[in-house]
Amino acid sequence: MRREQFEIIRELLIKLPKVSEFYRNKFAGIDLTEIKCKEDFEKLPFTNKGDLRDAYPLGLAGVPDSEIVRIHSSSGTTGTPIIIPYTQKDVEDWAIMFKRCYETAGMTNLDRVQITPGYGLWTAGIGFQTGAELLGSMVIPMGPGNTDKQIQMMRDLKSTVLCATSSYALLLAEEIAKRGVRDEIHLKKGIIGSERWGEKMRCRIANELGVKLYDIYGLTEIYGPGIAMSCDHECGMHYWDDYVYFEIIDPNTGEQVPKGEIGELVITTLRKEGAPLIRYRTHDLTRFLPGECECGLKFPRIDTLIGRTDDMVKVKGVNIYPGQIDEMLREIEGASSEYQVMIDHLQGKDIMTLFFEIENIADKENVEKNVSKYCKTKIGLTILPKAVAMGELPRSEKKSTRIFDNRY
């Protein structure tokens with residue numbers, strides 16, 4: 001924590017209980033004037049999704065209603081949605097961070113940016129758009145779906161940058177290859193966010209589209225995508241520490257992990273007005289990367305996300321993360337990037353079936369045997385491997401669901 005970050009946080013802690021009922025209740029009984037150093041700050045309670053849902057609809061607001069110019073929201077698929085209010089300054093700050101992301105990827109005002117993430121209450125589409133407009137690029141605000149139209153616009157308007165989830169980028173790449181129109185596509189870069197993706201999937205998208213890929217990070221509760229971005233050197237993601245303060249904690253104890261170790265990312269906003277957040281637990285697993293990046297950017301880095309604490313499932317007493325499946329398939333010759341896991345409980349036993357696509361020339365039995373062996377030796381779990389043909393597993397225009405737990 002730099003001194004200037006601490007001073008901003010200390011001012012926030014004094015101000016927020018005066019203007020926000022949410023923080024009056026959260027910090028009740030805590031003398032915030034006694035927060036005099038980083039260690040004192042780390043004793044403050046975390047904020048979690050449950051707190052944000054309890055504040056529905058506008059209990060999070062740190063400003064009067066007259067200063068709120070926009071709201072965004074989580075999907076609410078798991079219960080009460082989370083409503084995040086924005087002031088005009090929040091909207092402008094978000095665009096500035098997003099423009100910084102694009103510049104980190106080497107984009108300019110000569111680029112033509114095709115935006116496929118959704119618009120509306122979700123933060124994605126509009127964030128990609130406002131950042132590109134601030135940069136001065138030509139924006140093609142497609143939104144998700146309608147693959148025929150996407151490819152037509154890509155060809156006719158000569159899009160140079162594709163913004164998408166990894167699942168939809170793969171769907172588009174496969175469709176372009178199937179139609180034999182890659183020579184008519186002018187894409188140079190892909191800005192990919194919203195879900196974790198493995199190295200094999202990355203290579204397939206990059207090779208089939210002929211693009212350089214960049215990871216972008218963000219979440220609805222903290223502006224949206226655009227708070228961190230990978231650079232040409234593909235060594236983690238730079239995050240904008242003049243707008244957000246990052247901690248990485250042990251998800252079980254809540255204590256800080258040693259620098260370089262994997263843990264759960266916790267974020268404090270430094271400039272957000274509409275819905276400032278103090279020590280928000282993201283559930284995203286990553287680690288700090290030491291040293292300066294070869295690209296020359298002075299902003300610190302976190303590693304590419306390896307998964308989420310709430311993505312973990314326990315099968316036969318073994319903790320499984322989607323990232324482990326990605327890593328496994330990367331190691332096995334003949335296996336492709338796409339997979340689905342089905343977990344069932346039959347006759348008193350947990351059964352995990354792994355469906356995965358294989359390349360057309362691969363030997364099905366041999367690849368299944370290698371997947372089974374790898375799972376047993378590396379993950380410690382006996383599974384049922386089921387190889388299927390390329391394209392047989394469903395593709396998604398949004399995030400792909402990888403793990404289906406049918407036991408509950």
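Which strand is Thr87 found in? Hi everyone, let's start there. Thr87 sits in strand S2, which covers residues 83-87. Please keep in mind that we are looking at a predicted model.

Is Thr87 buried or exposed? Its relative accessible area is 2%, so Thr87 is buried, as that value falls under 20%. Leaving aside residues up to four places away in sequence, Thr87 touches Val63, Glu67, Val69, Glu273 and Gly274. With one of these, Glu273, the side chain of Thr87 makes a polar contact of 2.7 Å.

Now to a pair of helices. H5, residues 88-104, packs against H6, residues 124-135, at an angle of about 75°, and their axes are 8 Å apart. Angles of 65 to 115 degrees count as roughly perpendicular, so that is the word for H5 and H6. Among the residues making the contact are Trp94, Phe98 and Tyr102 of H5, and Ile126, Phe128 and Leu135 of H6. Sorted by class, this contact has ten nonpolar, three polar and two charged residues.

Let's stay with Phe98 and Tyr102 for a moment. Both belong to H5 and are four residues apart, about one turn of the helix.

Tyr239 is buried at 7% relative accessibility, and Phe246 is buried at 3%.

One last stop: Phe22, Tyr23 and Phe27 form one aromatic cluster.

Definitions and conventions: Residues numbered from 1 in each chain as written. Predicted model: local features only at pLDDT ≥ 70, side-chain atom pairs only at ≥ 80, totals over all residues. Heavy atoms only, no water. Axes fitted to C-alpha atoms, helices over the stretch in contact; angles between N-to-C directions. Helix = DSSP H or I, 4+ residues; strand = E, 2+ residues; numbered from the N terminus. Parallel < 35°, antiparallel > 145°, perpendicular 65-115°, else oblique. Contact = heavy atoms within 4.5 Å. Nonpolar A, V, L, I, M, F, W, Y, C, P; charged D, E, K, R; others polar. Buried < 20%, exposed > 50% of the residue type's maximum accessible area, 1.4 Å probe, protein only. Polar contact = N/O pair within 3.5 Å; in protein donor to acceptor, adjacent residues only side chain to side chain. Phe/Tyr/Trp six-rings, centres within 6.5 Å; stacked < 30°, edge-to-face > 60°.
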